[in-house]
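Here's a quick briefing to read alongside the model. Have the viewer open and follow along.

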Amino acid sequence: MNGTKTLFDKVWDAHVVETIPDGPQIIYIDKHLIHEVTSPQAFAELESRNLEVFRPKQIVATADHNVPTWDQDKPIRDESSRNQVQQLTENCKKNNIKLYDLGHPYQGIVHIIAPELGITQPGMSIVCGDSHTSTHGAFGSIAFGIGTSQVAQVFASQCLLLNKPKSMRITVNGQLNKNVQPKDVILYIISKVGTDGGTGYFCEYAGNVFEEMSMEGRMTVCNMSIEMGARGGMIAPDETTFNYVKGRKFAPKGEEWEEKLEYWKTLKSDEEAVFDAEFSFDASEIYPMVTYGTNPGMGISISQNIPDPQNDSEEKALKYMGLKAGQALADIKVNYIFIGSCTNARIEDFRSAANYIKGKRKSEHVHALIVPGSQQVAKQIYEEGLDKIFTEAGFQIRQPGCSACLAMNDDKIPEGEYCVSTSNRNFEGRQGQGARTILASPLTAAKVAVEGKISAFEN
Ligand SMILES: CC(C)[C@H](C(=O)O)[C@@H](O)C(=O)O
Ligand code: SF4
């Protein structure tokens with residue numbers, strides 16, 4: 001409808017620097033996050049063209065993807081990882097960019113540290129050379145992953161040339177069932193919408209389920225927007241958002257806070273706003289979920305059996321996973337559990353896992369890995385005594401990083417083994433060559449660690 005705007009429109013329009021008639025728009029970028037994997041070529045490009053970083057203060061860097069998760073106080077043993085982290089350090093130094101390097105109390109996975117430091121704020125435009133930048137949309141910001149040449153573009157101009165994406169709204173209303181976590185909600189959505197259902201769209205999540213969710217939960221949901229093909233996902237900021245941001249290290253203070261707050265309160269879709277696509281789901285139909293295939297859309301509720309493959313690629317996926325149609329999930333011998341990644345390595349995730357595990361022990365044959373998303377989360381784990389619960393239950397607690405989410409370091413799952421993982425991707429070889437990933441929530445992962453197999457919750 002004329003004059004009405006979606007949340008996305010409002011934030012986007014506030015960042016337009018220039019519009020090319022019938023063409024793309026130039027968008028100002030408030031925050032640019034970088035890590036060691038996707039920044040080196042962009043820095044090299046800048047140098048080869050004799051350009052400088054235009055606004056280094058808008059950039060924040062951390063080392064996360066290939067850092068080891070033990071002995072972080074010692075030099076990295078793996079040569080290529082060491083070189084990559086070293087290069088990030090040099091590039092940041094040369095260009096006056098703030099880096100939270102290994103050993104810094106703020107180091108961690110880029111999508112965990114920016115929100116917890118108050119760098120991520122409502123109404124911002126945020127980019128990073130990383131697909132899960134969509135996480136930051138949980139604050140009502142426009143946040144999305146960019147390619148390496150775009151990283152260079154932002155370095156040089158603090159702007160991006162973009163075509164405005166189409167708008168989608170996914171509404172989930174109703175009462176969630178017991179033991180259903182935000183991860184289950186997004187796995188359910190992706191299983192319904194499909195892994196390319198969001199292609200070309202920017203998605204807003206609406207409805208009481210998201211309104212009632214914590215910021216941690218909203219981040220889990222927005223994190224996986226990219227797994228249904230969407231450019232990004234966002235949730236209108238509200239009191240939950242403001243309370244989370246308030247008082248954080250880089251959050252606005254005093255008068256500036258009051259001014260920003262006034263503006264942030266206007267960031268919601270107008271009632272009459274029209275979306276290019278709409279989906280609506282009933283919360284009561286969502287149960288704890290797991291994936292059984294090699295894309296995040298192949299998800300079922302934890303009490304279902306493996307479904308019949310619908311096409312060649314699903315058949316191939318089942319073969320890779322060593323599973324057969326009709327098989328019960330409980331037949332799968334799960335030897336590995338990974339609770340970590342930018343999807344589910346925030347304090348709330350570890351609290352819920354610890355709460356389940358308390359007084360129990362992991363199954364004898366299970367290797368259970370706890371990898372905090374950041375140094376600050378790790379600190380909290382120890383301060384709250386969750387470490388004792390995990391270690392007494394036989395879990396290993398490591399140091400922060402992406403870790404087994406993509407196995408760029410030593411944290412690999414052996415070939416043929418099943419890993420119930422709280423990460424976001426179950427692609428072939430994602431957690432190590434031949435490794436088989438089953439995506440789930442932290443609560444489900446904790447339960448599987450204790451039982452050594454996947455079974456439904458007794459309500
Ligand atoms: C390494 C990086 C480019 C990649 C991404 O963009 O998502 C990684 O973070 C991932 O999760 O696969
Ligand atoms: S934790 Fe996994 S998904 Fe997140 S940024 Fe790291 S590798 Fe990518």
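Which residue in β4 is the bridge partner of I34? The partner is A61. Before the rest, a word on the ground rules: this is a predicted model, where local features need pLDDT of at least 70, side-chain atom pairs count only at pLDDT 80 or more, and totals for chains, interfaces and linings use all residues. Residues are numbered from 1 along each chain as its sequence is written, while chains are lettered from A and ligands numbered from 1 in the order in which they are written.

**Five-stranded sheet**
- Reading across this open sheet gives β5-β4-β3-β6-β7, with parallel pairing (strands are DSSP E runs of at least two residues, numbered from the N terminus; a pair needs at least two DSSP bridges).
- β5 (98–100) and β7 (142–145) sit at the edges with a single partner strand each, so one side of each has no neighbour in the sheet.
- Four bridges join β3 (31–35) and β4 (59–62) in the parallel sense.

**Four-stranded sheet**
- The other open sheet runs β11-β10-β9-β12, also with parallel pairing.
- Its edge strands are β11 (232–234) and β12 (277–282), each pairing on one side only.
- β9 (166–173) and β12 pair in parallel over six bridges, and I170 stands opposite F279 in β12.

**Ligand 2**
- Residues around ligand 2 include H65, H111, D130, H132, C342, C402 and C405 (the C-beta atom, placed from the backbone, lies within 6 Å).
- Domain 1 (7–164) and domain 2 (307–451) both give residues to this shell, so ligand 2 lies between them (domain bounds come from an automatic or database domain assignment).
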